Amino acid sequence: MRPRLQFLSPETIERILSEAYALLEEPGVRIHSDRALHLRAEGGARVDFERQVAQIPPHLAQQAVETAPSSFHLYNAAGSPAVHYGGEAVHFDPGSAAIELLDAHTGRSRPPVTADCVRFVQLADGLEALDAVATSLVCADVPQAIADLYRLYLVLLYTDKPVVTGAFGVASWHTMKELLVAVAGSEQALAERPRAIFDVCPSPPLLWSEITCENLMDCALHRIPAELVSMPLAGATGPATLLGTVVQHTAENLSGVTIHQLANPGAPIVWGGSPAAFDMRTGTTPMGAIETMMIDCAYAEVGKFLGLPTHAYLGMSDAKVVDAQCGLESGIGAVLGALAGINMISGPGMLDFESCFSLEKLVIDAEIVGMAKRLVKGLVERETPLGLEVIRQAGHAGHFLALPHTRRWFRAELFIPSPVIDRDFRREWEAKGSLTVTERAARRVEEVIAAYQPKELPPEVRRELEEITLRAARAAGMEYLPVAESKG
Amino acid sequence: MEDLLTRLQEAVVNGEPELARALAIQALEAGIAPLRAIEQALSPGMQLVGARYEHGDYFIPDLVMAAEAMKAAMQVFEPALLARQEQRRVLGTVVIGTVEGDIHEIGKSLVATMLSAAGFQVHDLGVDVPAGVFVDKVREVGADVVGLSALLTTTMRNQEVVIEALKEAGLRERVKVVVGGAPASAEWAQTIGADGYAENANEAVDVVKQLLGVQA
Ligand code: B12
């Protein structure tokens with residue numbers, strides 16, 4: 001039996017949905033895109049073009065939920081399905097778009113540059129626990145007008161895992177698509193075997209800004225998967241009551257599904273989000289708050305009820321360094337998300353309210369992910385009888401270690417951590433230098449990066465990626481791309 | 001009469017805009033001078049609120065509601081001041097907004113609230129504000145300070161664009177520029193030639209006070 005976390009009764013889900021549908025009708029949704037407003041009007045919504053408000057009747061939203069697929073895959077560079085969005089699958093990828101990197105040498109955070117981003121991708125590529133790589137670092141050594149697409153360029157060069165990404169503008173989305181087409185071979189190949197998914201964020205409450213709305217429709221039109229990241233902040237940009245915030249999240253995501261499916265019915269879309277509690281003393285948005293995690297797990301239940309693939313930002317911490325707070329918040333979040341059966345959980349590596357990334361944290365979080373994935377496999381009935389026979393066989397002497405039964409099963413039953421998790425005898429631990437978890441993580445970062453194998457990208461594809469990126473860079477005033485000091 | 005001022009102060013401290021408005025009207029009807037009501041009820045009320053927040057008894061929603069109550073009372077007092085050709089003492093005039101291309105609102109609004117609670121006249125231009133709109137507003141209200149918020153590495157450059165526009169309009173010498181938002185920093189402020197940077201709303205009040213030479 002698979003262990004499962006549940007917050008909502010079917011009656012509560014029905015109430016959340018009916019309130020959300022009612023919000024879509026009154027006051028409706030603000031949409032700062034004429035293209036989307038027209039689509040809605042044609043679809044049967046009441047649209048006020050002057051105020052840019054669409055009032056969506058429930059049947060329109062329900063129909064969109066019907067046409068949205070309940071499951072799809074992301075593919076790796078070799079074209080094999082590697083991430084399953086749908087059902088009870090649970091995957092993890094690093095948190096996205098950090099403005100800062102926690103530098104292990106100085107212990108201080110600073111803006112990341114190209115070499116950091118390459119190291120990050122090589123590390124994430126090598127960590128088995130991570131099912132996809134995200135465009136997690138925003139490089140400060142390129143013009144910011146190309147910062148979003150430049151990270152995708154580096155990720156595509158250095159990993160063959162699927163990619164979770166997002167655009168910061170309307171135009172750069174198209175350049176990012178070009179990069180993805182270059183590695184896929186053609187637009188059609190990309191649509192058939194999507195390598196990447198784009199995060200798109202409505203603005204709370206009930207607003208689609210031009211950028212995110214255009215991104216959403218462009219994804220739909222090209223059948224590149226999109227992940228709806230609605231993020232009401234309880235008490236600041238959404239109700240202080242946690243269920244009230246789930247209602248708002250539901251309404252915002254439903255409006256997203258509607259825009260998306262009107263643009264292209266059947267295109268892949270994910271019920272995701274990044275809502276948070278609001279710290280009423282400091283005015284920060286704690287991603288490690290237990291209430292943040294509760295809202296996430298609850299909205300995922302709503303998404304599952306609607307039959308849609310799910311996503312959440314969990315497994316993050318608000319600590320500023322890799323310390324005990326960092327471990328406890330990340331651990332709780334990852335475990336709860338896995339127990340909620342969320343298909344893609346983004347967050348490993350992230351600190352400081354989604355703004356700072358740490359490679360050491362990523363390595364520790366990979367262990368957490370390993371444990372969380374083990375947890376949801378549950379207690380499996382490996383054989384019948386469950387234990388009677390083998391316990392009798394061992395008898396009162398009890399030499400289980402010497403039984404073939406032990407060798408047969410232990411690998412399947414245990415998650416075997418890397419040396420980042422300390423399980424040494426004390427003397428042994430002291431002999432190895434009495435290292436803390438952060439110190440052990442720093443070593444592992446170097447080990448994994450040292451073991452990185454360059455990807456066999458065909459030279460013409462590599463050239464095309466570079467040309468596309470360079471063209472964008474030149475348009476933004478940068479003649480040459482930075483050289484990554486790396487062996488990759 | 002004293003009782004009325006005490007109750008007005010309490011309405012601010014308890015964050016009750018409707019009550020504050022009603023009491024402000026009553027105060028005027030009772031012949032209390034608006035300046036006196038502001039100085040003896042509203043200002044000490046906001047000071048008490050600030051102290052409670054510092055002490056950990058009050059939280060942000062308490063601050064915001066107190067500021068709303070103060071605003072409601074001021075809406076009653078301002079026309080009366082005008083009619084008497086009096087001016088309330090404000091610590092300074094601030095124009096604030098989130099720069100063009102950026103729609104992050106919460107932090108900017110919090111800074112605006114804290115500044116007005118501290119006694120500044122604040123003009124909040126909202127989000128996604130083009131440089132020209134900042135310049136026009138600074139000129140129109142004779143601002144002492146411009147606050148520029150940016151939450152994206154892609155839009156922080158626009159803080160510099162506003163500074164350039166202020167220079168072009170010949171206003172840069174007349175106004176202090178403070179910047180804030182997740183990607184900004186003291187170094188960034190220096191790089192783009194801003195006068196100050198603050199990491200959060202409380203610090204923003206201190207920095208603005210310091211820049212204008214009013215005691216904190
Ligand atoms: C909430 C949020 C949103 C909400 C905003 C809702 C709203 N109505 O404001 C929404 C969903 C709209 C949003 C959208 C996007 N966001 Co956003 N967002 C955030 C988040 C989680 C919290 C920001 C916040 O409100 N914090 C709470 C307030 C109180 O704090 P604050 O804003 O920092 O303000 C304080 C101080 O900075 C300072 N301050 C602020 N302004 C000023 C001004 C002055 C003058 C002074 C002195 C001080 C000062 O005082 C404030 C009060 O204490 C941040 C994460 C983060 N760590 O900041 C990401 C974050 C800023 N967003 C990010 C991104 C990428 C986006 C999108 C591009 C995503 C997308 N692809 O759609 C869009 C951008 C759209 C656009 N063009 O602007 C990234 C930025 C990455 C980067 N490299 O720039 C961040 C860092 C998250 C991440 N890691 O991915 N976002």
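Domain bounds here come from an automatic or database domain assignment. I kept that in mind while looking at the second largest pocket.

**Ground rules.** I'm working on a predicted model, where local features need pLDDT of at least 70, side-chain atom pairs count only at pLDDT 80 or more, and totals for chains, interfaces and linings use all residues. Residues are numbered from 1 along each chain as its sequence is written, chains are lettered from A in the order in which they are written, and side-chain values use heavy atoms, without hydrogens and water.

I found 25 lining residues, with B:Gln47, B:Ala117, B:Ala118, B:Gly119 and B:Lys209 nearest the centre. Domain 1 (2-84) and domain 2 (93-212) of chain B both contribute to the lining, so the pocket lies between them. α3(B) gives the largest share, 10 residues; helices are DSSP runs of H or I, at least four residues, and strands are E runs of at least two.

**Sheet, chain A.** Next I checked an open four-stranded sheet, ordered β8-β7-β20-β19 with mixed pairing; strands pair if DSSP finds at least two bridges between them. β8 (109-110) and β19 (350-351) of chain A are the edges. β19(A) runs antiparallel to β20 (residues 356-357) of chain A, joined by two bridges. I noted A:Leu351 opposite A:Cys356 in β20(A).

Note on methods. 1 Å grid on protein atoms, 1.4 Å probe; cavity = no way out; pocket = protein on both sides within 12 Å on 5 of 7 lines; lining within 4 Å.
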